[in-house]
Amino acid sequence: MQIVDLTLTYTNSSTGFSKETSRTIEKDGWNASTLSFYSHCGTHMDAPIHFNVSNQTIDKIPVSDFVGKAWVVDVRQIGPKGLITVSHISKDILNTFSSGDSLIFWTDWSKYVNTSKYRDDLPRISEDLANWCVENKVKMIGVEPPSVADVNNIEEVTKIHQILLKGVVIIEGLTNLEKLQSNCVELIALPLKIGEGDGAPARVIAIEKY
């Protein structure tokens, strides 16, 4: 068995996050920090209320929706601003996919973290793929970029999120997908339980069994 951490590390160089010293062992007897973060920074998950799809907040999503079998789809050939479509999912995966399975799209995009390209040129989920995910009851969809859609195009980003959030848990900002040895893993993605949260940072791992 191999367990791979798919979570970005939060540092003061991470967009939307800051960590400041709050207590020191020399002065206070222990070390502690004050953390500040944008709810959709780093590796994070979206709740339906993020785009007013429903009133469901991150703390109200059943934890059973955060665990399950996931297929890793290799779409590294997708270039900057490329559209990922259903046709990019291999026939082997399509033939084996079952309702309730999840999909992870491997674009190799996490190598651009903390650059303008990471946000502005990201490959994104097409409308037909988003609809396919809902129709086929995909449990979770995971991507490496900070969004499943073009964040500089409000119409697109709204449409894709509103389609997916009708029934699919969105995980954005994944990393380390190149460390996976197979295209089928057990995915565990646990967001912080923030009351009335529109989204939250998440610790995401993949378990491979041999």
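Analyst: Let us begin with a term: a salt bridge is a side-chain nitrogen of Lys or Arg within 4 Å of a carboxyl oxygen of Asp or Glu. Please keep in mind throughout that this is a predicted model.

User: What makes Arg124 and Glu156 a salt bridge?

Analyst: The side chains of Arg124 and Glu156 meet at 2.9 Å, N to O, and the rule asks for a nitrogen of Lys or Arg within 4 Å of a carboxyl oxygen of Asp or Glu, so the pair qualifies. Arg124 lies in strand S8 (residues 124-125) and Glu156 in helix H4, so the bridge ties together parts that are 32 residues apart in sequence. Both Arg124 and Glu156 are buried.

User: How many salt bridges does the rule give, and what is the N to O value for Arg203 and Asp5?

Analyst: The count comes to 8 salt bridges, and one of them joins the side chains of Arg203 and Asp5 at 2.7 Å, N to O. Because Arg203 belongs to strand S12 and Asp5 to strand S1 (residues 2-5), this pair ties together parts that are 198 residues apart in sequence.

User: What makes up the lining of the largest pocket?

Analyst: The largest pocket holds about 620 Å³ of space and is lined by 27 residues, of which Tyr38, His40, Cys41, Arg119 and Pro146 lie nearest its centre. Strand S4 (44-46), helix H2 (116-120) and helix H4 (154-164) each supply at least two lining residues, and H4 gives the most, with 3 residues. By class, the lining has 11 nonpolar, 13 polar and 3 charged residues.

User: Which classes are found in the lining of the second largest pocket?

Analyst: The lining of the second largest pocket divides into 10 nonpolar, 2 polar and 2 charged residues. About 220 Å³ of space lies in this pocket, and among its 14 lining residues Thr7, Leu8, Tyr10, Pro201 and Ala202 lie nearest the centre. Strand S12 provides the largest share of this lining, 3 residues.

User: Why is the space lined by residues such as Ile84 and Thr107 called a cavity?

Analyst: The word cavity is used because a 1.4 Å probe fits there but cannot get out. The search of the whole structure finds 1 cavity of 30 Å³ or more, and about 30 Å³ of space lies in the largest cavity. Its lining includes Ile84, Thr107, Pro123 and Arg124, and by class the lining has 6 nonpolar, 2 polar and 1 charged residues.

Definitions and conventions: Residues are numbered from 1 along each chain as its sequence is written. This is a predicted model: local features need pLDDT of at least 70, side-chain atom pairs count only at pLDDT 80 or more; totals for chains, interfaces and linings use all residues. Side-chain values use heavy atoms; hydrogens and water are left out. On a 1 Å grid over the protein atoms alone, a cavity is a set of points where a 1.4 Å probe fits but cannot get out, and a pocket is an open set with protein on both sides within 12 Å along at least five of seven lines; lining residues have an atom within 4 Å of a point. Grid points are joined across faces, edges and corners, and a volume is the space filled by probe spheres set on the points. Helices (H or I, at least four residues) and strands (E, at least two) are DSSP runs, numbered from the N terminus. Ala, Val, Leu, Ile, Met, Phe, Trp, Tyr, Cys and Pro count as nonpolar, Asp, Glu, Lys and Arg as charged, and the others, Gly among them, as polar. Buried means under 20% relative accessible area, exposed over 50%, partly exposed in between (1.4 Å probe, protein chains only).
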